[in-house]
Structures are given as C-alpha cells and as structure tokens.
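Here is a short tour of a few local features, written to be read with the viewer open.

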Amino acid sequence: MPSLFVIRGRDRGHRYNLADGPISIGRGANSDVRLHDTEVSRRHAEIRRNGSGCQLLDLGSSNGSFVNGDRVTQHELKSGDQVLIGRTLMLFTGGDPDSASATASVDIVKQGHRDDSQIVRTMTREEGSRDIFSPAAADGESPWLARARSNLEVMYRTALAVSHTLDIQELLDRIMLLIFEWVEADRGCIMLLNNETEELEPKVRRNRSGKDIDEKITISKTILDYVLQNNEGVLTSNARDDSRWDTGASIVSMGVREAICAPMRGRYGVVGAIYIDTFTEPHRVIQQGGATKFSEEHLKLMIAIAHQAALAVEDTSYYSAMVDAERLAAVGQTIATLSHHIKNILQGIRGGSFLIEMGLSSDDNEVVKKGWGIVEKNQGRISNLVMDMLSFSKEREPDLVLSDLNQVVDDVVELMESRAMEYQVQLNWQPSERLPQSMFDPEGMHRAILNVATNAIDACESRSRDATDYAGQVDVSTEYDEAGRLLRVVICDNGGGIAPEDIKQMFNIFVSKKGSRGTGLGLPVSQKILTEHGGRILVDSEVGVGSRFALELPLIEEPPTGSDMPNLPSPDDSDILDTRQS
C-alpha cells in the first residue's frame, strides 16, 4: 500500500498509509494525514489514487506544497519522492509496477539446472581494497592517477566508517577523525541543522594533535549562509591576492588563516556543514613564499566527504525515526493489551465485591464466601500479571543458590492442585529420585514452571468439560540427563495440542490462544528465565493429542564465575518439532 513516512518535523517517525479515496493532508483535526506543523494550512493538500498511482494536489495552501524541492500544484507521485509541506518532510513510497514485473522475471535455479557456470575466482572485501590501495599498485602511474587513487581511498574509507554505526555522535566523531587523517587541518567542526529552529548547531570539534589551540572557532555567518543557500563548498583566506605575499604587509605579521566550509547535502536536503581551517604563522608565510596548505583538490575532497556524511546522517536519522515509531507502536500495543486484561480482572473483583456486599446485607455467609472466592481468584490473576511484567521487563542475573529442583516443582504442583480440581483435570506428579541438587534461582524457576503448568491445565479444561469428569490429564515429572549433565522438568498434557504454525509464535510476547484469560506473557517469561540460566524450553505437540514441554537447565554444582555460565543452544525448528522421547 502506498504511504507517506515523516522523516523530518514534529511528527517524525509516523507512517500514514494511503487507502483508496481522497486523502486529505493538513493541520485540521479532520485531516486524514494530520500534521502538527504551524506552517501547514488546515486543508493543505490532497492525495488521490488514480489506478496504480497517486496524485498530489495543493488545495491553495498559504505556504505551498513541494515535491523534490519544486513547488507544485499538481504532481504525479513516484516511489521515493520527497514531499515537503510546511516544515514537515515526508517520503512517499508506492507500488512500482515496472519493479514488480522485473522481479517476477527473475528465476533462481539450483546448480546443474540450466546453469553450467562455475566459480573461477573469489575475493574478500579486505583483499580487494588491499590490492587497489597498496603502494605497489601506485608504482609507475601518472600523478593524476595517483591523486585519483588517493581520493578514491579516502571515499572508500569514509563510506566504511560511516556505515558501521547508528549513533549520530559516534558517526560525526569518526568523520572528523578521517578528515584530520587526510587533510592537514588545525581545527575543525561539524554542525548539524536543527529542524525546529533551522539554525546550525555545533556537534563535534577537533584540534590537531600537538596543537595547543584553545581559542573559539569563529565562522563567518555570511559564508555559512552562502554555503547552505547555494549548496556550494567554499575555500577562504584572510590574505588578499595583490598584497598577500608582501613581506611588509600587515597580513604577513598576523599570519594567514585558510578555511574550507562544505555543505552536508543528502537525498532530502542540507543537514549541516563541515568546517576546517589551518593557520600559517608569519615566519612560515615568508619561508613558503606564497604556498598555501589548502587547494582546490582539498575543497573537492571535502565536498565529497560532506556528501557521504550527510547520507549517513540521514540514514541514521531515518533508522532512529523507524525505531521511535516501532517503540511507540510497541508501547501502544502493550498498554492496550494490559489495559484489556486489567479491565477484565477489575470486572471480576467488582462482581465479587457486589456479592460480598449483598451477602453482608442479608447475613448470607454462602454468598459472602462465593464473592470472596471471586475476589481472591482475581487478586491472584493481577498478582501473576504484575510478576510476569516485572520478570519480562527487567534484565537480571539469576540469584543462584544450591537448591532442590524436586522441591520447587513440588511447590508448584501443590499450588496448582486447586486449579486442577476446579477444571476437573487429573494432575500427576512423578519426581526423579536421582535428581542432584544444583545452583539455580528457585524463585525464578518456580515462576517459569508455574506458567507452563498453568497453560497445561488450561489446555485440558475443554477435554474434561466436553467429556467425562477428569478426562483431562497433566503429568509433571523431573529427569536427570547424566551424559548431558542436564536437569529437566517435563510437563505433558492431553489437551487440544498446538498447531505447527502457532508453535513458532508461542514465545512471542502477547501471543495467546486463551482469549480473555491469557495475557501472552507466561511463556515468554518462562523462556527468558530459562535463557538466563543457560537453559531452554523444548516443545513437542500434536493437534488433538496433546503437548510436551521440557524445561532444561544445566547442572551447576559450584557457583559460576564470570563467563562460566553454561549456554545451551536455543531451540530451532527441529528442536521444537522433534523432542518427544519414547
């Protein structure tokens, strides 16, 4: 579906899908794409779908609508177009029929099937760059080619440096470090454009190593305005052409300050500027006889570096906007899901409170007991929900103590007996007599086992309800794998089973098949606790037959130090689908 993604402005990170029918864009509350931008008119523009394309129409707005920098009243949008409305910059993406047909014409075949090609030579990125930029490659070549090779190496290393980080500050530090490596500058800074104030703000400053330069960098606003408005780099000097090398002139007594300022222009506009300068002392001016440190070649190189830096800044900002949007969506989903469960729990408590109040007014103890039972059950539900939320959200190291796993499982089974009786599910418990004590977090393992056991009993409820009493059955046992030095808690049920496509999703947060009774937190929390112990959960299930969950954790007889915590491999699809033991 075509969409507009805000990459600059107050709504940065928002994506607006463009459905069929006219899509209104503006500041008004009734706009389909509502932009919180004071420079946007209430009814600013409209997008109309025409077949497979989209057309942007300006609705007589005060400040106009722009596509790829040009003011438009009507424009056929193409995927990748930059739409500027007010101070909000959006990226249009849409289905490209030519691209779709080209993709459909590609056929990937297996080796030997209409393909007689053979691999003749392989080369790594490191090997390729070493051969291109090695000193041996420069032997005997012309000065022009040597200079071109040097510039190519600068751009190659710049592209590599800016592609290895998604942190803006680290990115700018790397760029400035590279500039000082390749250009003989004394001072430098990188300034980024503030989208709100449209003013340049210094982000990174650097002095050449060994240079004691504490003075503030002073940059002419006239030059900066020229660079940004004309999108041109400039080379400046405080010397005059006609009297520059006159030893009697005052400029010689003061020295010469040269500077380069290059615009950081990316795909969507100028994002900032890079400034470097160098100072030649008076006696050096006389000795060099007119030679300068900066040349036109340096200016070209700085313009190219600034362009690469701008692209990297845009990519990093775009990625940050995507992350912000996903984070907001995740927060919204979390709040909506938890609100739903808490609302159900509160309704249960309210119903129980009503029964208690009614029983107290009529001195009916049975009604009071029934109401209190409902309140107590919902208190347990909200307590479990809060504990699961805390367990899932907190990064923690398990509190390892020498413990008996059989005792932990026994506590869980005892706690679950009343729930099993209520659902008419037979609960069987078979502890292993040869299970050794081990170092683990008893409280964490109790919660992990409790969540799985609860799911197993819930899975069997429908079998007992639809058939005879206690037709549902849950078997809990412990095992010790001496060869693998593994402790294992096995929970089997004869419930409805889990479909293969659901097994792959069951450990994702908020995925539940229990309807209003499930929070979708239990299994993710159990998996997280086992992972913290260096263990894993293996699942085997068949629809209509039942499920088997095996919670494995390594035997630790002494407290681990540092990186000594064992780490079992995470279960892949083969572990999940083929773990039943005969």
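## Around D277

The side chains of D277 and R187 make a polar contact at 2.6 Å. Keep in mind as you look at this pair that the model is predicted.

D277 belongs to strand β16, which covers residues 270–280. Is D277 buried or exposed? Its relative accessible area is 0%, and because buried means under 20%, D277 counts as buried. Setting aside neighbours within four places in sequence, the residues in contact with D277 are A185, D186, R187, R257, E258, A259 and F294.

## A five-stranded open sheet

Next, have a look at the open sheet of 5 strands, which runs in the order β4-β3-β5-β6-β9 with mixed pairing. Its edge strands, β4 (33–34) and β9 (74–77), each pair on one side only.

Inside that order, β5 (residues 45–50) and β6 (residues 53–58) are antiparallel partners joined over 6 bridges.

## Helix α13

The buried set consists of G522, L523, P524, V525, S526, K528, I529, L530 and E532. After α13 comes G534, with a positive phi near 80°.

## Aromatic rings

How many aromatic pairs does a search of the whole structure find? The count is 0. There is still a ring to visit: R206 lies over the face of F180, 5.8 Å from the ring centre.

Methods. Residues are numbered from 1 along each chain as its sequence is written. This is a predicted model: local features need pLDDT of at least 70, side-chain atom pairs count only at pLDDT 80 or more; totals for chains, interfaces and linings use all residues. Side-chain values use heavy atoms; hydrogens and water are left out. Buried means under 20% relative accessible area, exposed over 50%, partly exposed in between (1.4 Å probe, protein chains only). Helices (H or I, at least four residues) and strands (E, at least two) are DSSP runs, numbered from the N terminus. Rings of Phe, Tyr and Trp (its six-membered ring) pair if their centres lie within 6.5 Å; planes under 30 degrees apart count as stacked, over 60 as edge-to-face and the rest as tilted. A charge sits over a ring if NZ of Lys or CZ of Arg is within 6 Å of the ring centre and within 35 degrees of the ring normal. Two strands pair if DSSP finds at least two bridges between them. A polar contact is a pair of N or O atoms within 3.5 Å; within protein, one must be able to donate a hydrogen and the other to accept it, and residues adjacent in sequence count only if both atoms are side-chain atoms. Contact means heavy atoms within 4.5 Å.
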